[in-house]
Amino acid sequence: MSETLENLLSEDRQFPPPADFAANANVTAAAYDEAAADRLAFWAKQAQRLDWFQEWDQVLDWSNPPFAKWFVGGTLNVAYNCLDRHLAAGNGDKVAIHWEGEPGDSRAITYADLHAEVCRAANTLTDLGVTAGDRVAIYLPMIPEAAVAMLACARIGATHSVVFGGFSKDALSGRIKDASAKVVITADGGFRRGNPSALKPTVDEAVAECPTIEKVLVVRRTGQDVDWTEGRDLWWHETVATASDKHEAQPFDAEHPLFILYTSGTTAKPKGILHTTGGYLTQASYTHHAVFDLKPETDVYWCTADIGWVTGHSYIVYGPLSNGATQVMYEGTPDTPHRGRFWEIVQKYGVTILYTAPTAIRTFAKWGDDIPAQFDLSSLRLLGSVGEPINPEAWMWYREHIGGGRTPVVDTWWQTETGAIMISPLPGVTACKPGSAMGPLPGIAADVVNDAGQIVGNGGGGYLVLNEPWPSMLRTIWGDDQRFIDTYWSRFAEHGYYFAGDGAKKDDDGALWLLGRVDDVMLVSGHNISTTEVESALVSHPAVAESAVVGATDPTTGQAVVAFVILKGNASASEAELKDHVAKTLGPICKPRQIQFVSELPKTRSGKIMRRLLKDIAEKRALGDVTTLQDAGVMQLIQQGMSTTS
Ligand code: 6R9
């Protein structure tokens, strides 16, 4: 990006928190002042939310940047903080997880149940020879054992590496090898779209290439037939279920490695993002308390993410459980067995706080307003969004049709690398603008800079940076400190800023608007145009449900805007009409050269649109790496559509 981003969309709607919400909010505007006065003292106070065996001597050691140490000298146990202390406080009988299987089976798991199962799993892992510092790969569907496995690792100081249950053999074996994992925890399979979908065969193939794996621990979920390697494979129900439920949690250093989670990247080798113990749990816990306003006594919280995504780590497992939340966990897809499944679950459990992704919201809007209208959603009091920029129209739809026009909507920006939410409204404080993540949370420093690393003023655009270290920051890329420095810290090295890789702008009030990955920015006739803004302009047309925009090489303009558009259920619109709509909304420079109507878009399992694959299509190239696609069939459909119309 040679110059700053053009500042295109304008949005002037604003939604202040309802008065009673603001009056009862966990966190008030005072938190910003407190953190501004003394950032490290602010984080030290938040760390007191946790139980420590040994308190720290120093809040932050930043003497060797970018390698941070938080809460130096402190010791704690993550599983103790998520479980034991709630039992000690008399909350053992409280439901931790209302689990809902896709076929409709369900389990209510109390904190005492979860504690006992985690202790059994911790004892089993210890019996299998896993000790502190060893790596354990977890390849499971969305079943409670996924959370149990993570917490059991944390309890014994083993570093977990969760791999999405939908990933291929190569993705799994690559991650196992990179981390030299000793054990894999998996299942026979899980339920997806109404059918059992096998996992064990993929593990068998992957492990055949991974000599470091000594044991494979298998949960029985679907009852499918599985191949069995005697001496290596063990059933969960024959080992964990029979192990002792007595286990004393040991203290670990605040900087002890807690987990590795791989980010898929575009074409490069996945990066093993390393998170540690004390700072990570402090920020996961604090942000869950502050951004979701969780009242552990009365709220029923539901984050719809998969546990294989960082959102599942921080906002299904570590944040909510450290805060003693009661939450819903769902195994399956939103349209199985019907398109009202999410709303049926909200109604069944009286969900009060819902956290989901823009891709899901746009899909629900496409399916039609009448579906959520059939369910009682009046329990909801707060909605959250994560994973991609949320288009203003999708934000409005979410608030109106899911939130009944009453609930605050918090758009939360963060990354696998940041470990926890960084930029978000505070629901009891901030007057939200639809589509904006608004500003950094208390204790967080974020800004927008130009090419030279200078902070831009209001109305300007450029690159998002984080200007100060934060507790849940990644500590390195597993086994590759140099790549850690090169990827995140070299772009603005002289300023000492973390480069997030996202484009952003500040509006006239200084609110932040995230504009997607910098790699996705288009350069049309010398103008930098964000794919996000053109997509939002398209989605603001009443007939459009979802869109993905790419810059394709063009002989006259350098790059030209090519848009892939999904229309709403019964709606229709012509290509010319949509082109004009974009030109009118954003200016003629943004007018797409071509609009392709499609029925699906290529997405990752966490719902991010894979624009590089669409770019391959727009530029008529062979497709790049498709291993992290949610549904590989989508690309064929789109290619067929292109060849019949262009
Ligand atoms: C949590 C998560 C990180 C990338 C990030 C950005 C995009 C996430 C966003 C958002 C705009 C938001 N992103 N949240 N963009 N608004 N609220 O998604 O982690 O999978 O590592 O992705 O996702 O581009 O850089 P991860």
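This report describes an annotated site and the surroundings of a ligand in a predicted model.

Residues are numbered from 1 along each chain as its sequence is written. Local features need pLDDT of at least 70 and side-chain atom pairs pLDDT 80 or more, whereas totals for chains, interfaces and linings use all residues, and side-chain values use heavy atoms, without hydrogens and water.

**Annotated site**

An unreviewed UniProt entry places a "binding site" at Val 539, His 541 and Val 544; such annotations may be inferred rather than shown by experiment. His 541 belongs to the loop between helix H17 (531-539) and strand E28 (544-554), and Val 544 to strand E28 itself. Helices (at least four residues) and strands (at least two) are DSSP runs numbered from the N terminus. His 541 is buried, at 9% relative accessible area, and Val 544 is buried at 1%; buried means under 20% with a 1.4 Å probe, protein chains only.

Neighbours within four places in sequence aside, His 541 is in contact (heavy atoms within 4.5 Å) with Ala 573, Glu 577, Leu 578 and His 581.

**Ligand surroundings**

Of the 17 residues around the ligand, Trp 309, Asp 411, Thr 412, Thr 416 and Asp 502 come nearest, where near means a heavy atom within 4 Å. The table lists polar contacts, which are pairs of N or O atoms within 3.5 Å.

| Residue | Residue atom | Ligand atom | Distance |
|---|---|---|---|
| Pro 389 | polar backbone atom | nitrogen | 3.4 Å |
| Thr 412 | backbone N or O | nitrogen | 2.8 Å |
| Asp 502 | side-chain N or O | oxygen | 2.9 Å |

The protein covers 93% of the 530 Å² of accessible area that the ligand has on its own, by the Shrake-Rupley method with a 1.4 Å probe. Helix H11 (310-322) and strand E25 (512-517) each give two or more residues to the shell around the ligand.

Note on methods:
Buried < 20%, exposed > 50% of the residue type's maximum accessible area, 1.4 Å probe, protein only. Polar contact = N/O pair within 3.5 Å; in protein donor to acceptor, adjacent residues only side chain to side chain.
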